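Colleague: Hi! Could you walk me through this model in plain words?

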Amino acid sequence: MANERGARTYPSELPVLALRHTVVFPLSLQPLAVSRPQSIESINRALGGDRLIFLVLQNGDGDDPAPGDLRKVGTIAAIRQMAKVPAGGVHVIVEGLARARADVVSRSGTVLSATVVPAPEPADRTLEIDAYVRRLQELIDRALAITSGLSQELRTLIAGIDDPLRIAYLLASLLDLKAEEKQQLLETDSLRDKLKAVADALQREIALLELKGKIESAAQEELTDAQRQYFLRQQLKAIQAELGEGDKPEVQELRKRTAGAGLPEAVQAVVAREIDRLERMGPASPESQMIRTYIDWVLDVPWSVFTEDRLDPQAARQALDEDHYDLDKVKERIVEYLAVQKLKAQQAGDTRIKGPILCFVGPPGVGKTSLGQSIARAMNRKFVRISLGGVRDEAEIRGHRRTYIGAIPGRIIQALKQAGAMNPVFMLDEIDKVGAGFQGDPAAALLEVLDPAQNHAFRDHYLEINADLSRVLFIATANQLGTVHPALLDRMEIITLAGYTEEEKIHIATRYLVPRQLAEHGLTADRAALDDAALRRVIAEYTREAGVRNLERQIGAILRKIAARVAGGSVAGPVAVGAADLPEYLGPPRFHDEVAFRVSRPGVATGLAWTETGGDVLFIEASLLPGGHGTLTLTGQLGNVMQESARAALSHIRASADALGVRPDFLEKHDLHVHVPAGAIPKDGPSAGVTIATAILSAIRNQAVRDDVAMTGEITLSGLVLPVGGIREKALAARRHGIKELVLPARNEPDLAELPAEVKSGMRFVPVRTLDEVLEVALPSPAADARVQGVSSSRR
């Protein structure tokens, strides 16, 4: 059977790559080292198109061959890979596709191009061809038996190829043939002649190997160990020079960086080992780039760099006061830490004490993150921050192992590199929003980071070197502690940052927010001003928050409008914004005093809630439905705990009906519906128990609850009021809504000591132990009207 190859079509014009002393055959892969600028330009032109290029042998060794210096027959090849080498030039891997003839070779600038015509090769398969193939297989077996320089897999490879032409080209590319011999083989049309030429060359190579073996065995006895080592080194140098891998400037640069980095002994040993590995590898090896990246990461970590702390507690306190108002607990803790450092330095000259691990807990906008920056400035330390919100991969903390492609260290090591020191103030923002995924639990990885007994030897999976984190001042932030891993909580010192009072917000706005927004909007205090009355109205009617983030946003909105008027020329003099001017800048008020309106009807009571954004009021409604059978309906997207509180409140009312002035059989003839508005927001917790009970009794008595009273506390089946959390935030929320009396559990009375003086002076706090005491304040005297539903005759 006879046929011809070359069914595939190729472009008629291709860029030309002139080859010196080498020939690329079709049906084979071959690496090429390219250094001439015109050759690199030809490769770039091919890569910019269909990656096809015409490879042809040039006559002579000229660096800039002319069209007449090229042979006519060459190979159409596809560029499969390209890699730049540090010493200049590129390494490419090409795949020979088909033999072709160059009819016309022309030059455009420095680039050669040719009009090529494929030259298909006959593929005659006869008995003589099969005999030559069998002969080549036998010669391969002989060669493999003589030398270890050939892979034993070559036998299997040749046996698995059914194409005689592919076998001929493969062996020709492996044999040490001169370029002219390879070119003649390429130009030969007869498949029989190609196989015969390859067999002759292989036979000649086997004869040389046998002779070389005899010579080496005879000379081996005369070589001493020193001579043998010298001989091998010279051979290695010659091989490296031939491959372009002789002297490596990047290795020398890395050794110089290592010597000047002041690395600890253990780290230096690891770097030296990796540099030696890099030196033994070729630049085209995929692993060499991985090793180089690893060495760069290790050298970039500031292993022995520490900033000098400012050991002046008074100066540090002054710096903290300049940036933040109030927050005395945090400031005192930092001053205490610096005081201990100062005393240790005076006694033993040692300031290397372990840094505290703090956790700031509070609603958004109270200054947790900015406080960390101020602490770093007060202590004269670098500041780095990583956000943990939404992190679900343990490798984000510890890093990826080097076996993975694209592996990098974790965020801890990355942040140390960014800080440039091993003792920064390190903020772990939003630690309460870390989540576990199928990649692992980041909170578990943080256990080692935040454990003073372990973090002196923190081990990143990528570096696999112990890093000392004991002198880092870690500060975590959270909006709530309920979602933080219990083991993490045990390792941290919790400092609560509560919301601000109205007076505190005015002070913060006057001292910090307004000057900052003036600067951001290109204004000065002479061009625009907001008086205290305007700020007070913005706080009360346009923002309702625990922090000051929205307050600053509203101040910015006012100043933007002033800046637009000043820039437009419509305002010439200074602009003073008063309380009455706010609707002009911010529109109608967004918040109103709705407590009196909401509790104006019976069956509605005002409760207090604590959320991760601060405190807030909660209106609980109860309604009686006649003709029922005592069914309790709960709506408003209530959680399990809150539903149980409602059932406990109802059970207590039924059990104590006589004492509360309610007919025992009344609830058996009515259904009860308890609803908490804002149904789109999930609600849960036990602190609404007394509020639910008060609302139910208000509906039964048909008596409205006092509109200036709010309450909080858990209720038991016996009517006792148990303590709850978040008293400070709830008190601030009550004050924002104009509440005058706050009913709270008696066991929460010690929490009132943390309230600011202006909150205490503007409100009355009523500690209670039972529901009866709550009712005396919220429902002081039952209505005497005989038409009141459900009230017993003894109470009329």
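Colleague: How many helices and strands does the protein chain have?

Modeller: The protein chain has 28 helices and 24 strands. Those are DSSP runs numbered from the N terminus: H or I with at least four residues for helices, E with at least two for strands. This is a predicted model, where local features need pLDDT of at least 70 and side-chain atom pairs count only at pLDDT 80 or more, while totals for chains, interfaces and linings use all residues. Residues are numbered from 1 along each chain as its sequence is written, and side-chain values use heavy atoms, leaving out hydrogens and water.

Colleague: New topic: which strands does β4 pair with?

Modeller: β4 (residues 73-84) runs antiparallel to β3 (residues 52-57), joined by four bridges. With β5 (residues 90-108), β4 is also antiparallel, and there 11 bridges join them. Two strands pair if DSSP finds at least two bridges between them.

Colleague: Which residues face each other there?

Modeller: I53 stands opposite A77 in β4, and K84 has V90 in β5 as its bridge partner.

Colleague: What sits between β4 and β5?

Modeller: Five residues, and the two strands form a hairpin. In the turn, G88 has a positive phi of about 105°.

Colleague: OK, now T188. Where is that one?

Modeller: T188 lies in the loop between α5 (179-187) and α6 (191-220). T188 is partly exposed, with a relative accessible area of 24%.

Colleague: Which residues does T188 touch?

Modeller: Leaving aside residues up to four places away in sequence, T188 touches R99, D193 and K194. A contact means heavy atoms within 4.5 Å.

Colleague: And how far is T188 from G362?

Modeller: Their C-alpha atoms are separated by 84 Å, and the two residues are 174 apart along the chain.

Key: Buried < 20%, exposed > 50% of the residue type's maximum accessible area, 1.4 Å probe, protein only.
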